[in-house]
Amino acid sequence: MSKKFTIVRLLCAFAIAMALSVGIILVVSKEPGTAIFNLFLGPLQSKRHFFEVFSSSVPLIFTGLALGLVFKSGNFSMISDACLYIGGVVTAGLAIETALPAGVHPVVIMIAAAVVGGIIGSIPALLKVYFHTNELVTSLMLNYVFYYLGIYTITKFFADREAGAFASRRYEASASLPTLLQGTNFHAGYLIAIAVVIVLYLLVFKTKFGYEIRVSGSNPQFAKYSGMNTSRVIILTQVVAGAVAGLGGSVEQMAMYQRFNWQDSPSYAWDGVIIAILSGNNPKMVPFAAFFLAYIRVGADLMSRRSDVQNELVSIIQAVLILFVTAERFMAGWKQRQEAKKALGGEV
């Protein structure tokens, strides 16, 4: 019943968000038909737009996996933003300053970015375990520290002084991930993301450490009294999550950019929160949640270019989804009636 209820509840939340979006468009737009068509069907109009959904979902998958893993352990660290950004900075440095064979260069860069991401991800966990600090506060503060450290690093060591805006020098040709479909942005990074999904699913649901993560997150007192080292679980979980986010930053840079130009923080961690909530912190559901969010965003971008409705409408959709998915009382009466009916049927 619980799984069925979760699916029905999620579908109802989607339906309400979509209905509200249509209602807003009908009120504010002079051409609502065009706006609605492009929002919901725009990405299906061409091969390029459809596969743009897949490429746009890649960083969402990585941050959704990272945040979902952290939430699964009962913590709320947002350091994934810094891990992803510094992962991109590490990628820029190695892509500019090192020359390796094409098949080896991306692998070396991804490993380095994941290691650095894991180190950064451990900091809020270590502060929580040894100094009892709030990991949400420290992670949000550290995001700014590492963001400006990244800006400084690029400006000081790798900047292209002849560029008209903030940008690093160009990456070596060997430091790139191939495009899988000609005429689109669909790249090998998507396959890497799916591979990470599989690995994390096996880690969370098929290993002893994954069991410790789930128990520590759902019942920390029981985990402690049963002999689990909860401090170790907290630290290692955030190390793995940071490594995943750092890997995501590396993949995004090598697949989509020829130089580092993230002058503003990409803030993918907040997107990761949405993905984690929609997926129920289950790694195997993350690609579907990421695809949905990326699809709506691509559709909203097409809608804003082809009609008089701005793509900020996506923020309303996201807010409504989070509101209903996280509201404990949403459809609770329906669940209670279904459970009562099942119990009465069992008695008969």
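The structure is a predicted model. The chain has 14 helices and 0 strands. Its radius of gyration is 22 Å, close to the 20 Å that the globule rule gives for 348 residues, so the chain is as compact as a globular protein of that length.

**The chain as a whole**

- Read from the N terminus, the elements run α-α-α-α-α-α-α-α-α-α-α-α-α-α.
- The C-alpha trace spans about 75 × 60 × 35 Å along its principal axes.
- Of the 348 residues in the chain, 49% are buried.
- Contacts between residues at least 6 apart in sequence can be sorted by separation, and 76% of them join residues at least 24 apart.

**How helix packing is described**

- Two packed helices are described by the angle between their axes and by the distance between those axes.

**Helix α2 against helix α12**

- Helix α2 covers residues 32-41 and helix α12 covers residues 286-306.
- The two helices pack at an angle of about 150 degrees, and their axes are 7 Å apart.
- Because angles over 145 degrees count as roughly antiparallel, α2 is roughly antiparallel to α12.
- The crossing of α2 past α12 is right-handed.
- On the α2 side, the contact involves Thr-34, Ala-35, Asn-38, Leu-39, Phe-40 and Leu-41.
- On the α12 side, these residues meet Tyr-295, Ile-296, Gly-299, Ala-300, Leu-302, Met-303 and Arg-306.
- The residues of this contact between α2 and α12 divide into 9 nonpolar, 3 polar and 1 charged.

**Helix α11 against helix α12**

- Helix α11, residues 268-279, packs with α12 at an angle of about 125 degrees, with the axes 8 Å apart.
- α11 passes α12 in a right-handed crossing.
- From α11, the residues in the contact are Asp-271, Ile-274, Ile-275, Leu-278 and Ser-279.
- From α12, the residues in the contact are Val-286, Ala-289, Ala-290, Phe-292, Leu-293 and Arg-297.
- Sorted by class, the contact of α11 with α12 has 8 nonpolar, 1 polar and 2 charged residues.

**Helix α12 in both pairs**

- Helix α12 packs with α2, and α12 also packs with α11.
- Residues of α12 that meet α2 include Tyr-295 and Arg-306, while those in the contact with α11 include Val-286 and Arg-297.

Conventions:
Residues are numbered from 1 along each chain as its sequence is written. This is a predicted model: local features need pLDDT of at least 70, side-chain atom pairs count only at pLDDT 80 or more; totals for chains, interfaces and linings use all residues. Side-chain values use heavy atoms; hydrogens and water are left out. Axes are lines fitted to C-alpha atoms, for helices over the stretch in contact, and angles run from 0 to 180 degrees between N-to-C directions. Helices (H or I, at least four residues) and strands (E, at least two) are DSSP runs, numbered from the N terminus. Angles under 35 degrees count as roughly parallel, over 145 as roughly antiparallel, 65 to 115 as roughly perpendicular and the rest as oblique. A crossing is left-handed if the near helix is turned anticlockwise from the far one by less than a right angle, and right-handed if clockwise. Contact means heavy atoms within 4.5 Å. Ala, Val, Leu, Ile, Met, Phe, Trp, Tyr, Cys and Pro count as nonpolar, Asp, Glu, Lys and Arg as charged, and the others, Gly among them, as polar. The radius of gyration is taken over C-alpha atoms; the globule rule is 2.2 Å times the number of residues to the power 0.38. Buried means under 20% relative accessible area, exposed over 50%, partly exposed in between (1.4 Å probe, protein chains only).
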